[in-house]
Protein chains: 2
Amino acid sequence: MVQYGSPSLDLSFAALSDATRRGIIDQLGRGDASITSLADKFQMTLTGMKKHVQVLERAGLVVTQKVGRVRTCKLGKRSLKAEAEWIEAHRKLFEARFEALDEIISEMKQEGSDETAN
Amino acid sequence: MVQYGSPSLDLSFAALSDATRRGIIDQLGRGDASITSLADKFQMTLTGMKKHVQVLERAGLVVTQKVGRVRTCKLGKRSLKAEAEWIEAHRKLFEARFEALDEIISEMKQEGSDETAN
DNA sequence: TCCATACTGAACCATATAGTTCAGTGTCTA
DNA sequence: TAGACACTGAACTATATGGTTCAGTATGGA
């Protein structure tokens, strides 16, 4: 795969594409948590939960710290800034398209429509 | 996988997690394009490009219409609103954590620090 | 009518993801 | 010091992803 964009956006959007991981972020927003407590909450094995946490950690969205036998997870310092910026920048493109679509619709009303065919 | 969140967020964040697909959205923001022109631009086979476009289409980020032998791709009506909202809502959680971190750092300066160990 | 163009679909490959089990290792705590 | 607890890592499974090639089908133009 040829790289065009930011590999960190790759990692964070991929991390956010799983509902369990979005739930973990939600949960950590309410307070730090151990792997065990997260695994309980999301009904998953410790090993499975650890993998999710690692994905979030690689994306910089979560940091963990092991004290004694307990690994505590908390929200990281990435703060979703770059992601918010990408999305906001591109929402403008989408909105510009809407205006263009309005024109097309008026045109279609005049001359009869094509199909989204095949 | 037990589902907790929105399956449409799953699809759109997954779609955005690939730099080529983010590039396609970028490109379509500058104007509609055929599969062939996108494949050229991103140096990829037609088949490969078609798959990317299908991922974007399933996520609602792109719509396509075939006229004659040409399939034209344009930005869809999803507009990234839900994605922007999720991210904005959660940025607040991250920022709240920062303040908490500041407290922790001051505490650590007083009593000597732990390690992010193991 | 014939050829080039534009796409489509099936099949394949390598790698990643989402999860599991099982067998550890290290740390409390009674 | 024995057991319980919290995690870790390897190995395995099933499925998805990102890409390819190859063999079509359908359309448009000379």
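**Helices and DNA contacts**

Mentor: H2(A) is mostly covered, as nine of its 12 residues are buried (under 20% relative accessible area with a 1.4 Å probe, protein chains only; exposed is over 50%, partly exposed in between). Helices (H or I, at least four residues) and strands (E, at least two) are DSSP runs, numbered from the N terminus.

Trainee: Before we go on, where does the model come from, and how is it numbered?

Mentor: This is a predicted model, in which local features need pLDDT of at least 70, side-chain atom pairs count only at pLDDT 80 or more, and totals for chains, interfaces and linings use all residues. Residues are numbered from 1 along each chain as its sequence is written, chains are lettered from A and ligands numbered from 1 in the order in which they are written, and side-chain values use heavy atoms, without hydrogens and water.

Trainee: Thank you. Which residues of H2(A) are buried?

Mentor: Among them are Ala19(A), Arg21(A), Ile24(A), Ile25(A) and Leu28(A). At the start of H2(A), a side-chain oxygen of Asp18(A) comes within 2.9 Å of the backbone nitrogen of Thr20(A). Just after H2(A), Gly31(A) has a positive phi of about 150 degrees.

Trainee: And what about H4(A): which of its residues are buried?

Mentor: Met49(A), His52(A), Val53(A) and Leu56(A) are buried in H4(A). They lie on the same side of H4(A), because they cover an arc of only 95 degrees around the axis (taken from the directions from the helix axis to the C-beta atoms). On the other side of H4(A), Thr47(A), Lys51(A) and Arg58(A) are exposed.

Trainee: What do the buried residues of H4(A) pack against?

Mentor: In chain A, they pack against helix H1 (7-16), helix H2 (19-30), helix H3 (35-41), strand E2 (62-67) and strand E3 (70-75); contact here is heavy atoms within 4.5 Å.

Trainee: Changing topic, which residues come nearest to DNA strand C?

Mentor: Of the 22 residues around DNA strand C, the nearest are Arg21(A), Lys51(A), His52(A), Thr36(B) and Lys50(B); a residue is near if one of its heavy atoms lies within 4 Å. Sugar and phosphate make up 67% of the atoms of DNA strand C that come within 4 Å of the protein. H4(A) gives the largest share of this surface, with four residues.

Trainee: Which parts of DNA strand C do Arg69(A), Lys66(B) and Arg71(B) reach?

Mentor: An N or O atom in the side chain of Arg69(A) is 3.4 Å from a base oxygen of DNA strand C. A polar side-chain atom of Lys66(B) lies 3.3 Å from a sugar or linking oxygen, and for Arg71(B) a side-chain N or O atom is 2.7 Å from a phosphate oxygen.

Trainee: And how many residues surround DNA strand D?

Mentor: There are 23, and the closest are Thr36(A), Lys50(A), Arg21(B), Lys51(B) and His52(B). Sugar and phosphate again account for 67% of the atoms of DNA strand D within 4 Å of the protein. A polar side-chain atom of Lys50(A) lies 3.5 Å from a phosphate oxygen of DNA strand D, while a side-chain N or O atom of Thr47(B) is 3.4 Å from a base oxygen.

Trainee: One last point: where is Gly76(A) found?

Mentor: Gly76(A) is in the loop between E3 and helix H5 (81-111) of chain A. Gly76(A) is buried, with a relative accessible area of 1%. Val62(A) is 14 residues from Gly76(A) in sequence and 4.1 Å from Gly76(A) in space, C-alpha to C-alpha.

Note on methods
Polar contact = N/O pair within 3.5 Å; in protein donor to acceptor, adjacent residues only side chain to side chain.
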